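Let's take a walk through a protein model together. Keep the sequence and the 3D view side by side as you read.

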Amino acid sequence: MTFPELAAPAPARLGRHLRLDTLIMLRWLAIAGQSLAVAGVHFGLGFPLPFGWCFSVIAVSAWLNIALRIRFPLSHRLSDRAATALLGFDIAQLAALLFMTGGLQNPFAILFLAPVMISATALPPQRTLLLGLMAIGLATLLSAYHLPLPWAGGDRPVLPAFYQLGNWAALVLGLSFTGIYAWRVAKEARDLSDALAATELVLAREQHLSQLDGLAAAAAHELGTPLGTIALVARELTRLAPPEGEMAEDIALLREQVERCRGILGKLSSLQDEDGGPLGRLSLRLLIEEAAGPQRPFGTPFEITMAGEKPEPVCRRNPGMIYGLGNIVDNAVDFARSTVTIAAEWSGSRVVLTIADDGPGFPPAVLMRAGDPYLSRGAGEGRAGGGLGLGLFIAKTLLERGGAVLEFSNRPASGAAIKITWSRADFEADLPHDRGTQAEISALHEAD
């Protein structure tokens, strides 16, 4: 037996597809429940029903499970088309059982919800809609065409037509509500997973760039010895060669280039020392400049204000913090009409940074969910796309990892504002406090 529709999906989307083992296990549970219900009604309660035909329908489902288990490994993931076909089979199999046991008068008709809910959590909305319409269509047929409800005695109850219509309406509403709710929850979970994966990629990239400093320092250390040997040989050649000889000019050039290489290696070595060196620390003003610097060439002017008592806060250079602030500044520039305002305030206990633009501001629906993944602020004036979706989620995640709290609001006049607050202890975390460090911090303050 072959199942051409069960071919493995493309690797890029493999992780989002249903595992075959999951559907098989759920179907075994359904088979056990159906068998117990049919046997209990027929033998336990003594109600007459087409017992042989009912178990034949259940047996078809069991044989399909066995065939799938033999043909495919436990870890196999289904394509959307194959999963839709298998869930459609489950709906049809349940409809066949209900046809022989009273149609919608059978309380087990509620089980139509199960395949549709599974589809809503794992398949595209179009396929869930197809399965939902299939379930509604079969339920409509069952409301009119079905064998009598199994019952004891000659006087079988006859449910009023309006009651049966109510059962049908309740089933349709249940399918609709459950399907939409399950799809929404699953979509948010997938979006969050994708956004977190993107955040990890950003962090990995920044970590890789940070590691280059260490590699550069290691390379400078390793190259120091052969360069020293070259310098020694150059000095010996200078001593031995005649001052006016043919090689004098070449030897002088060699010594000049050796000194130049020493200067370059010295700079590389200074990129990473025990405490990170002066390049490993940023005053609040320099942090703002690093975040805003890449956006200055776009022509939008920045108004930067600093308010607080000395000393100004100083933090360790953190690629995640710089990237997060830069992303927020980038969005402010994208939506600003004329100016982006960056206001910094600090005290002995906290550090506050407010980034605002004079654009249209956040729409009310976006403001309530700002920072969620894949949420767009909408197109700015003449700008297609208009971000604040995944990018802002990544920025928010990176900043919150450093202890920041983000607040989103609209300015009274016009524009959006994002307020970022750290406790001063979190902002200055991981800074060593020896004398050398204090001197470097003072130097940073004086440079501002």
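Is A252 buried, partly exposed or exposed? With a relative accessible area of 46%, A252 counts as partly exposed; here buried means under 20% relative accessible area, exposed means over 50%, and partly exposed is in between (1.4 Å probe, protein chains only). You'll find A252 in helix α7, residues 248-270. A helix here is a DSSP run of H or I with at least four residues, a strand is a run of E with at least two, and both are numbered from the N terminus. A252 sits 17 residues from R235 in sequence, and their C-alpha atoms are 9.3 Å apart in space.

A quick word on the ground rules. This is a predicted model, where local features need pLDDT of at least 70, side-chain atom pairs count only at pLDDT 80 or more, and totals for chains, interfaces and linings use all residues. Residues are numbered from 1 along each chain as its sequence is written, and side-chain values use heavy atoms, with hydrogens and water left out.

Now look at helix α5, residues 125-144. Its 20 residues should span 28 Å at 1.5 Å a residue, and the end C-alpha atoms are 29 Å apart, which agrees; the expected span is 1.5 Å times one less than the number of residues. Which residues of α5 are buried? They are T128, L131, G132, A135, A139 and L142. These cover an arc of only 100° around the axis, so they lie on the same side of α5; the arc is that of the directions from the helix axis to the C-beta atoms. On the other side of α5, you'll see Q126, L129, L130, L133 and A144 exposed. Helix α9 is mostly covered, with 13 of its 17 residues buried.

Next, the charged pairs. Side chains of opposite charge can pair when their charged atoms come close. The structure holds eight salt bridges, each being a side-chain nitrogen of Lys or Arg within 4 Å of a carboxyl oxygen of Asp or Glu. One of them joins D90 and R27, whose closest N and O atoms are 2.8 Å apart. This pair links distant parts of the chain, with D90 in helix α3 (residues 80-100) and R27 in helix α1, 63 residues apart. Both D90 and R27 are buried.

Over in helix α8 (residues 284-292), R285 and E289 are four residues apart, about one turn of the helix. Their side chains meet in a salt bridge at 3.7 Å, N to O. E290 and R317 form another, at 2.7 Å, N to O. E290 lies in helix α8 and R317 in the loop between β3 (314-316) and α9, so the pair ties together parts 27 residues apart in sequence.

Finally, head for the surface. M25, W28, W63, I66 and I70 form a nonpolar patch there, with about 570 Å² of accessible area together. Such a patch is made of residues with over 30% relative accessible area and no salt bridge; nonpolar side chains (Val, Leu, Ile, Met, Phe, Trp, Tyr) are joined within 5 Å, and like charges within 9 Å. Helix α2 gives the most to the nonpolar patch, with three residues. W63 is in helix α2, and at 61% relative accessibility W63 counts as exposed.

Notes. Areas by Shrake-Rupley, 256 points an atom, 1.4 Å probe, with all protein chains shown as cover.
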